[in-house]
There are 2 protein chains.
Amino acid sequence: MDAFFCPNRVAIFGSFKEFALGCGVIQNMLDLGYKGRIYPVSQSHERVMELDAFPTISDVQDKVDLAIVITPSATVPHIVEQCGQNGVKAAVVVSEHFAEAGKEGARLQQQIVDITIGTGIRVMGPNTIGVLNTHNGLVSNPYLFDSHNLRKGSIAYSSQTGIAAAQCQPLADRGYGISKMCDIGNKCDVDEVDIINYLADDSQTKVITMHLEDVKDGRRFLTAAKNLITKKPLLILKTGRSEAASKASASHTGSLTGNDVVYDAAFKQIGAIRVDSWQEFWDIPKVFAAQPLPKGNRIGIISYSGGAGVAAADTAAKAGLTIPVFSDSTLEKVSRLSPRKAGNPIDLGPILSSAYDPISAQEKALVDVFNDVNIDCVAIGMYVGRLAPKDYMIELFDRVIPHVSKPFTLWLYGPTLAETQELARILEGRNVPTYTEFETAVKALGAAAQYQALRNY
Amino acid sequence: MDAFFCPNRVAIFGSFKEFALGCGVIQNMLDLGYKGRIYPVSQSHERVMELDAFPTISDVQDKVDLAIVITPSATVPHIVEQCGQNGVKAAVVVSEHFAEAGKEGARLQQQIVDITIGTGIRVMGPNTIGVLNTHNGLVSNPYLFDSHNLRKGSIAYSSQTGIAAAQCQPLADRGYGISKMCDIGNKCDVDEVDIINYLADDSQTKVITMHLEDVKDGRRFLTAAKNLITKKPLLILKTGRSEAASKASASHTGSLTGNDVVYDAAFKQIGAIRVDSWQEFWDIPKVFAAQPLPKGNRIGIISYSGGAGVAAADTAAKAGLTIPVFSDSTLEKVSRLSPRKAGNPIDLGPILSSAYDPISAQEKALVDVFNDVNIDCVAIGMYVGRLAPKDYMIELFDRVIPHVSKPFTLWLYGPTLAETQELARILEGRNVPTYTEFETAVKALGAAAQYQALRNY
């Protein structure tokens, strides 16, 4: 499996005309800083983007670890076979029109499976965007994206769809980092179990979020997931719940989605954390990557708005968190700062608009709540705008962070999307997990508490 | 009630020192283009922001319709009383520290209630941001916001919290318009029923979204809401579901939130549409403001990604929509454009990356799906980025919109938040309701179909 994510020598099969997908892969790898060797394989080019090209894989006088194949589906089995015979360890088949596209495609896909058995080569896909590794600059994605700004980090994303790929997602606009991404596509060989087993031991990955439309082998999956969860959290977005969705899935990756109730029970049993939307898929893992685990499930809720606090308390209750009363000492201290709004949830709105030195007042209130013996984690909802502009908020968090050892999440909102997003990006660079909805910020802490409870158990 | 939203003469009570809240209200009204007369009432200023100020309300030699009061709580009852005695019809009490803040506050609030009974003046608040009317430039909000860019439209938002106010929300960054907004705060006099009755007959409002922590009088509320729903849709975000949230609500607006199950049943009975998050609160009404109602509940799902289509189908099933098979004629036509991905959901991804003239190919596919006799409404998920940049998407929708008479919603995503948001703003200006999650885009159509079913019934 390491050949998929950490190859030193990569061969690329595809069209290398200007703007063609083969060139896209090479460009993305150069942009992302890939340091290994790249071998374009082409019968019509001798040079591709200042690299020597080779007519076939056997002409490459080097030990290739990974092949990336983006050629018409009918040509793929032969290419994979030649790769296998020439000692290539792994192939990502980006090409589509296989099992997802009917009988002839299914036949071609079966040929690939037979080749993996015959030669020992492992295959990811077909019908996939494939792999991305921020730490070594590897990427099989043929669609150009703004890879310069992609941050190295510890979250791994695995999906069964190209929508979760870098060219579709504003990853570079965000401040948190990614370790690895993959799209397992039609899963003719490499499947979710291989990914789980590999990432369980990947030292660069602290948390895995996995999108699944189906599971190929329930027993193997449960065993692998259970083992992974003893080491790091596993978040799952399982789509294809409804009958119609199930049919759509069959035509899209050729897989059967199965009964949702069964999945739900199985995920619960092994301690996987189920997320419910693409937004949660991307954002919930941030709390695991950036923050310690909470010691318990008692949440403190801080906001600038009573109404937002009430809504957050609703979410907290649903997410399995309790909302304790602050200790007398905290109540006394914060009452001095924000009289009559000092309960949990606490509303710092009055400080924002009236305190003499609102940054110091908020700093004190935040630190008091964090240090409360009744509190294990804190969800903060804060405004960025005229009363509390970006630099003011950065100063506030720069002052608070050194005093904080409990996990927290931050919902940021304000009248200007650009300023809110820029602040989120900056704070995420300082390990503050930020959210565009208070509900998601609270739910993330619920997920962290759920994982910690599992470890205690 | 008209005095709250359409006053011709407004008196403002507050501090008028530089940057004080009284000046904030005036600045916001000037920025929003208020054409009526503004009378600052102040014993310490003769002129405020180039306006004549008056020591008391009885010194104003004009018939004042609305008073906006932002003075310390202890001074409020006297001010409201004087306003009532001088024929002012309505007062927004922005000041806080009333029933939400304990016994003494509750006593002051009761004094205000007594004055409304004694003098006939109506009071919104206390503890509120109050009113906003884009159509005449009225605003009682004392916090500055980017009001120049606020668009006139037909969505009314009512809340029990300042978080739903213009200084906190990126309303100016969005392309859809608002008719009226209000925060009913502690509801000492004007409550949700007054707002519902007023907006039911407001010709500038096509849809109402209401945040509630509690309902003061269930029977009156149900009667008023039922009547409104015969005329226009009512969406409700009811927070304070959990016990902890309920306690928080009491300390924030002094209200009791009650049993959530009872609310849920009541909302269903009258045909109110319940929304589940602040994001839905803001975004679901857009489909009602910008699109016709669907004739039935049969959805077509179009996206650039099989995986996204599957997830959207899940949401559609949960939202009460059915996902029919396309008619043979549609299947035949779209199969020519996107072979083997032509089912419902349909995946246009292959067109995007391979068609000779992708805009025309997508235009045809979209129009074919819209015209399908089996389809009542369409949810579209589309990427904006290198393969389909902003101007390309604008051209596509400019071509498609003239051929479309069925309602649709659009989920936009892409690698750059700024470009995605800019395109959303532009398309919303052309009556395309855009969403940041496919789930919400589908749910909005579910809400529209639900409302249409109620009308048929």
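In helix α14 of chain B, the residues B:Ala361, B:Gln362, B:Ala365, B:Leu366, B:Asp368, B:Val369 and B:Phe370 are buried, a residue being buried if 20 or more other C-beta atoms, placed from the backbone, lie within 10 Å of its own. The model is predicted, so that local features need pLDDT of at least 70 and side-chain atom pairs count only at pLDDT 80 or more, whereas totals for chains, interfaces and linings use all residues. Residues are numbered from 1 along each chain as its sequence is written, and chains are lettered from A in the order in which they are written. Helices (H or I, at least four residues) and strands (E, at least two) are DSSP runs, numbered from the N terminus.

Helix α14 of chain B comprises 14 residues (358-371), which at 1.5 Å a residue should span 20 Å, and this agrees with the 20 Å that separate its end C-alpha atoms; the expected span is 1.5 Å times one less than the number of residues. The buried residues of α14(B) are covered by elements of chain B that include the strands β15 (299-303), β16 (346-347) and β17 (377-383) and the helices α12 (328-337), α13 (349-354) and α15 (390-400).

Chain A is divided into domain 1 (2-287) and domain 2 (292-456), with bounds that come from an automatic or database domain assignment. The centres of these two domains of chain A, taken over C-alpha atoms, are 37 Å apart. Their contact takes 13 residues from domain 1 of chain A and 20 residues from domain 2 of chain A, where two residues are in contact if their C-beta atoms, placed from the backbone, lie within 7 Å. On the side of domain 1 of chain A that touches domain 2 of chain A, α9 (278-283) and α10 (285-290) of chain A each supply at least two residues, and the largest share, 3 residues, comes from α9(A).

Between the chains, 61 residues of chain A are in contact with 61 residues of chain B. The side of chain A that touches chain B receives two or more residues from each of α7 (243-253), α9, α11 (306-318) and α16 (417-428) of chain A, and α11(A) gives the most, with 9 residues.

The same surface serves both copies, as 100% of the contact residues of chain A recur in chain B.

Methods. A residue is buried if 20 or more other C-beta atoms lie within 10 Å of its own, exposed if 12 or fewer, and partly exposed in between; C-beta atoms are placed from the backbone.
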